[in-house]
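Subject: Structure for you to look at

Hi,

Here is the structure I promised to pass on. Open it next to this email and follow along as you read.

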Amino acid sequence: MIRLIRNELYKTFRFKMVYLFMAILAVHAWLTVRIYSAGGEWKSVITMANGQSLPLALLNSMGQFMIVFIPVFAADLITSEVKSGTVKIALLRPVLRIEWLNAKIVSMFVFITVLLGFSIAAEYAIGTLAFGWGEQTHYAGKLYSETEGIWLTIRLAVSMLLPYMACGMFVVFIALSSTNVSATIGLSIAILTASQYLSEVGSLESYSLAKLVYFFHEQVYQANTDTLFQSVTVLTGYVAACYSVSAMIMKKKNFTS
Amino acid sequence: MENKRFILEVRELTKKLGSRTVVDRLNLRIEEGEIYGFLGKNGSGKTTTIRMITGLVHPDAGEVRICGYDLKSQFKAAISLVGAIVETPAFYAQLTAYDNLKLTANLLPGVTRHRVEEVLTIAGLSERTRDKVGSYSLGMKQRLGIACALLNRPKLIILDEPTNGLDPQGMKEIKELIVQLASEHGISFLISSHLLRDIEQICTMAGIIRNGKLIAECDVRQLRASREEPIAIAASEPMHAIRSKATTLEQFYFDMTEGGAGND
């Protein structure tokens, strides 16, 4: 299992996709800073121009990128391998199907963690280069000391692993069910985007995966126990349900390409 | 007969796709060191059978045993003894041949870097190990597939249409490699093909599949040795146990498929 995971990580970091996504996140941070510096404060998410506040200011927008990056990554990770036949490299060896699936999920987790970590580090660097490090961290209308600000940034960023993984697991399920890469990407993005509109139906609002991907960190920040408990339960439910269904699909799947 | 060691035993293997029975109660046994040619026209059920033997497709009924290990309940032990190319060999085009094999080697306990280099040499790819697989011809990919299949020192190698898309020189080299591996390393082979002459040249046994049923088997060595004598036929069902006066595998094949045996 460890060797299988090592293979997956080797492929993830050997191929260019992850670096392309990193570049997009860095360019986005740089453009945000440039627009603000060019006098566009009124249309910028930056509320306090300093390096230590930038990652928190951009945490919202990262969800919008992840809702695209995760399906593209999963399509390459799973659907493309099944379609091209490279899945046979593992499955014709002493590897159980469930181990293969688990290795893919670990790879997805590492991918999300690396992108999240990179975006925070890049935003700290870009913000500091553009505005300087600053005296205090500004978030949601409040000021925090340097240490508190870094801790808050880490806490909120790490909390986003749960909604991103729930999104990842949902897309893994789509990727295993789908027969081609375009369908995996298109269907995943379409369903995730459409799930935003669950908020129009009041009772279903808290089940919207897209909404949780965008705003879960704000719930963590506000620390309203009831809301947070409900969201964690919903996200954990997504992870567990999608994993169970994916494992079942994988167990029964006939590989014919 | 019963004392013989069977590397592969397939019993009553069945697969249905919708209402169509793609593989129908198929029985097959391969002895140690045997090169078994699995013949049948396109769509006869060869690849589906191979997919079931390698665990890629779940059978609806029947069992597969590799060196006595049940593929379903002892998958890891069974598949550890197999090297296989199912349809076209698939590799990561962006990686070199060496890196592709290293990824496979990582999944096989005890397979060292030295072994990776060794199988690349056996397959005649030692000069191109650092080239990306994307730049390989189909023949080279087939060779790389065989190198990959050899990594774990298998007891059984399964090749699905191994000479497909190869030029005459490539076909000759692959056939020589198979014969060499069987004689020098004692590896058994299951080779599916519709190229009768290729199978006749290299195989020791041949089985004919038609509409998912194994309709006849023939000892190719015997066929080659006694061109003028009628050959013994073992068929999967008594109703097909007819005798053929074939002196070539091609003749035998058409006797079986067009001469009445196996006709539904």
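Let's start with a word you'll need: a residue is called buried when its relative accessible area is under 20%, exposed when that value is over 50%, and partly exposed in between. With that cut-off, A:Gly149 counts as buried because its relative accessible area is 0%. Before you go further, keep in mind that this is a predicted model.

**A glycine in chain A**

Stay with A:Gly149 for a moment. You'll find this glycine in helix α6 of chain A, which covers residues 146-159. Which residues does A:Gly149 touch, once its neighbours within four places in sequence are set aside? They are A:Leu56, A:Tyr124, A:Thr137 and A:Tyr144. Try the distance tool on A:Gly149 and A:Gln136 too: their C-alpha atoms are 7.3 Å apart, and 13 residues separate them in sequence.

**A patch on the surface of chain A**

Now turn to the outside. A:Val27, A:Trp30, A:Leu31 and A:Ile35 make up a nonpolar surface patch, and together they have about 360 Å² of accessible area. A:Trp30 belongs to helix α2 of chain A, residues 17-37. Is A:Trp30 buried or partly exposed? Its relative accessible area is 45%, so A:Trp30 is partly exposed.

**Chain B as a whole**

Chain B contains 9 helices and 11 strands. Of its 264 residues, 56% are buried. Its accessible surface is about 11500 Å², with 48% of that belonging to carbon and sulfur atoms. If you take the contacts in chain B between residues at least 6 apart in sequence, 63% of them join residues at least 24 apart.

**A serine inside chain B**

B:Ser188 sits in strand β8 of chain B (residues 188-193). With a relative accessible area of 0%, B:Ser188 is buried. What does its side chain reach at 2.9 Å? That would be the backbone nitrogen of B:Gly33. Leaving out residues up to four places away in sequence, B:Ser188 touches several others, among them B:Ile7, B:Ile30, B:Lys155 and B:Leu156.

**Salt bridges**

How many salt bridges are there over all chains? The count is 21.

- B:Arg11 pairs with B:Glu63, and their closest N and O atoms are 2.4 Å apart. This pair links distant parts of the chain, 52 residues apart: B:Arg11 is in strand β1 (residues 6-17) and B:Glu63 is in strand β4 (residues 61-66). B:Arg11 is partly exposed at 36% relative accessibility, and B:Glu63 is partly exposed at 24%.
- B:Asp131 and B:Arg128 meet through their side chains at 2.2 Å, N to O. B:Asp131 has 26% relative accessibility, so B:Asp131 counts as partly exposed. B:Arg128 is partly exposed as well, at 29%.
- A:Glu8, A:Lys11, A:Glu81 and A:Lys104 are joined in a network of salt bridges.

**Where the two chains meet**

Next, show both chains together. Here, 34 residues of chain B are in contact with 29 residues of chain A. The two chains bury about 2700 Å² between them, and 58% of that is on carbon and sulfur atoms. On the chain B side, B:Leu56, B:Tyr92 and B:Leu107 lose the most area to chain A, together 26% of what that side buries.

How many salt bridges are counted between chain B and chain A? There are 2. One of the salt bridges joins A:Glu99 and B:Lys76, at 2.9 Å from N to O. The pair crosses from helix α5 of chain A (residues 97-131), where A:Glu99 is, to helix α2 of chain B (residues 75-79), where B:Lys76 is. A:Glu99 is buried, because its relative accessible area is 16%, while B:Lys76 is partly exposed at 33%.

In chain B, α2, β6 (82-85), α3 (97-105) and α5 (138-150) each supply at least two residues of the side that touches chain A. Which of the elements of chain B gives the most to that side? α3(B) does, with 5 residues.

How values were computed:
Residues are numbered from 1 along each chain as its sequence is written. Chains are lettered from A and ligands numbered from 1 in the order in which they are written. This is a predicted model: local features need pLDDT of at least 70, side-chain atom pairs count only at pLDDT 80 or more; totals for chains, interfaces and linings use all residues. Side-chain values use heavy atoms; hydrogens and water are left out. Helices (H or I, at least four residues) and strands (E, at least two) are DSSP runs, numbered from the N terminus. Buried means under 20% relative accessible area, exposed over 50%, partly exposed in between (1.4 Å probe, protein chains only). A polar contact is a pair of N or O atoms within 3.5 Å; within protein, one must be able to donate a hydrogen and the other to accept it, and residues adjacent in sequence count only if both atoms are side-chain atoms. Contact means heavy atoms within 4.5 Å. Patches are made of residues with over 30% relative accessible area and no salt bridge: like charges are joined within 9 Å, nonpolar side chains (Val, Leu, Ile, Met, Phe, Trp, Tyr) within 5 Å. Accessible areas come from the Shrake-Rupley method with a 1.4 Å probe; for residues, only the protein chains shown count as cover. A salt bridge is a side-chain nitrogen of Lys or Arg within 4 Å of a carboxyl oxygen of Asp or Glu. Buried area is the accessible area (1.4 Å probe) that two parts lose on being put together, summed over both.
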